Amino acid sequence: MKSALFYGEKDIRVEDRRTPEPGPGEVLIGIKAAGVCGSDLHNYRGNRPSTLDAPWEQGHELAGVVEGIGPGVYNLTIGDRVGVEAEHLVGCGRCRECRRGDYHICPERGIINGARHGSHGFSSHDITLASNCFLLPNHVPYDHAAILDCYACGVHAVNRSPVPVDGTTVIVGAGAIALTLGQVAKAYGAGRIIMVGTRPEPLQTAVEAGAADEYIVNADEDPIQGVLDRTDGEGADVVFETVGGEAQLISQCTSMARRGGAVSVLGLFTQPQTFDSQAHGMAKELVLTWSNSYSSWRGVSEYETALDLLAGGRLNAAPIITHHFPQSQIAEAFAAADDKRSSGAIRVVVEH
Ligand SMILES: [Zn+2]
Ligand SMILES: [Zn+2]
């Protein structure tokens, strides 16, 4: 197999490795497509040391074909086309969170038999739990299925913070998580969606892709005032934050929310956040929630919900996947994902 090995920061090499055998309950996947997530870029940009020893493999937005079946797997056969739920979300199955279906917040999330697990979508093959594989209808392309991980994050966010049919939803950010969330919110019946971003190009794509009705370019216009101006001074019913990083964006979101409204945080922040608890939280009686990845909601897999919406034509992945690279050009794929301003990328997919 051709493994994409990450030696640290921009040093990524494709090397021949022995193809592993699936163990009990596992399958061998021949990967067809894998999305480059923002979290894949943290180490690449030198922002965060890896928790894994170099060289490591990664790529958690993936889809492919079943090529090998381990003992005790009866629900899949060789040749099945599957989307694969990210392996770093696997829970222990025994703790209180896992038993109620919230395995994404298991304290031992991503650890199987004491070893840290993750998906390896940038390599040509990966071993995964058969229970993490979901059959793809033939009309769902592999690259679209690769971003089911993003769509499932949107399903979880909308499950936790319902979107109003007759009100205003704001999405702060214009990356793949923002656009997939916007499409999921529309599929869940959201009325008007306003998206806030720094550049007009991805915001225009969001409107064309059915992820937003209108947008605010925060380089041209104060985004808080922009939301108030568009809502008769009242603010938005629900505000989703998808950017994270260093800026004080939770305060921006609580300022945009209307009385009795809600703020949902999907972004990963690297700095403590402050906001006006009295003027924004108490006076408006806001609901403030965080939305971390996805798992199941009332017993239903959120990944499967996302797949049903995609297969049913309710989600439009094509305009979000702006770039495709073969594995031999993985360096170019990461460079395009890293500098979205010059590449114009929203989601970059590596294909095998
Ligand atoms: Zn991701
Ligand atoms: Zn657990």
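Start with helices α7 and α8: α7 passes α8 in a right-handed crossing. Keep in mind throughout that this is a predicted model.

**Stop 1: α7 and α8**

Select residues 223–230 for α7 and residues 249–256 for α8. Their axes come within 9 Å and cross at roughly 15 degrees. Angles under 35 degrees count as roughly parallel, and α7 and α8 are therefore roughly parallel to each other.

Now show the side chains where the two helices meet. On α7, pick P223, I224 and V227; on α8, pick Q252, S255 and M256. This contact of α7 with α8 has 4 nonpolar residues, 2 polar ones and no charged ones.

**Stop 2: α4 and α5**

Next, select α4, residues 148–160, together with α5, residues 176–187. How many degrees separate the directions of the two axes where α4 and α5 cross? The angle is roughly 55 degrees, and the axes come within 8 Å. α4 and α5 are therefore oblique to each other.

To see the contact, select C150, Y151, C153, G154, V155, A157 and V158 on α4. The partners on α5 are A176, I177, T180, L181, V184 and A185. By type, the residues of the contact of α4 with α5 are 11 nonpolar and 2 polar, with no charged residue.

**Stop 3: α4 and α10**

The contact of α4 with α10 divides into 8 nonpolar residues, 3 polar and 1 charged.

**Stop 4: two backbone details**

Go to the loop between α1 (41–44) and β4 (61–69), where P55 lies. The peptide bond joining A54 and P55 is cis, with omega about -5 degrees.

Then move to N113, in the loop between β6 (111–112) and β7 (115–116). Is phi positive or negative at N113? It is positive, about 50 degrees, although N113 is not a glycine.

**Stop 5: the domains**

Colour the chain by its domain assignment: domain 1 covers 2–147 + 320–351, and domain 2 covers 151–290. The C-alpha centres of domain 1 and domain 2 are 28 Å apart. Where the domains touch, 7 residues come from domain 1 and 10 residues from domain 2. The side of domain 1 that touches domain 2 has 3 nonpolar, 2 polar and 2 charged residues.

**Stop 6: the whole chain**

Finally, zoom out and show the chain as a cartoon. There are 12 helices and 19 strands in the chain. The radius of gyration is 20 Å, close to the 20 Å from the globule rule for 352 residues, so the chain is as compact as a globular protein of that length. Along the principal axes, the C-alpha atoms fill a box of roughly 60 × 45 × 40 Å.

Technical notes: Residues are numbered from 1 along each chain as its sequence is written. Chains are lettered from A and ligands numbered from 1 in the order in which they are written. This is a predicted model: local features need pLDDT of at least 70, side-chain atom pairs count only at pLDDT 80 or more; totals for chains, interfaces and linings use all residues. Axes are lines fitted to C-alpha atoms, for helices over the stretch in contact, and angles run from 0 to 180 degrees between N-to-C directions. Helices (H or I, at least four residues) and strands (E, at least two) are DSSP runs, numbered from the N terminus. Angles under 35 degrees count as roughly parallel, over 145 as roughly antiparallel, 65 to 115 as roughly perpendicular and the rest as oblique. A crossing is left-handed if the near helix is turned anticlockwise from the far one by less than a right angle, and right-handed if clockwise. Ala, Val, Leu, Ile, Met, Phe, Trp, Tyr, Cys and Pro count as nonpolar, Asp, Glu, Lys and Arg as charged, and the others, Gly among them, as polar. Domain bounds come from an automatic or database domain assignment. The radius of gyration is taken over C-alpha atoms; the globule rule is 2.2 Å times the number of residues to the power 0.38.
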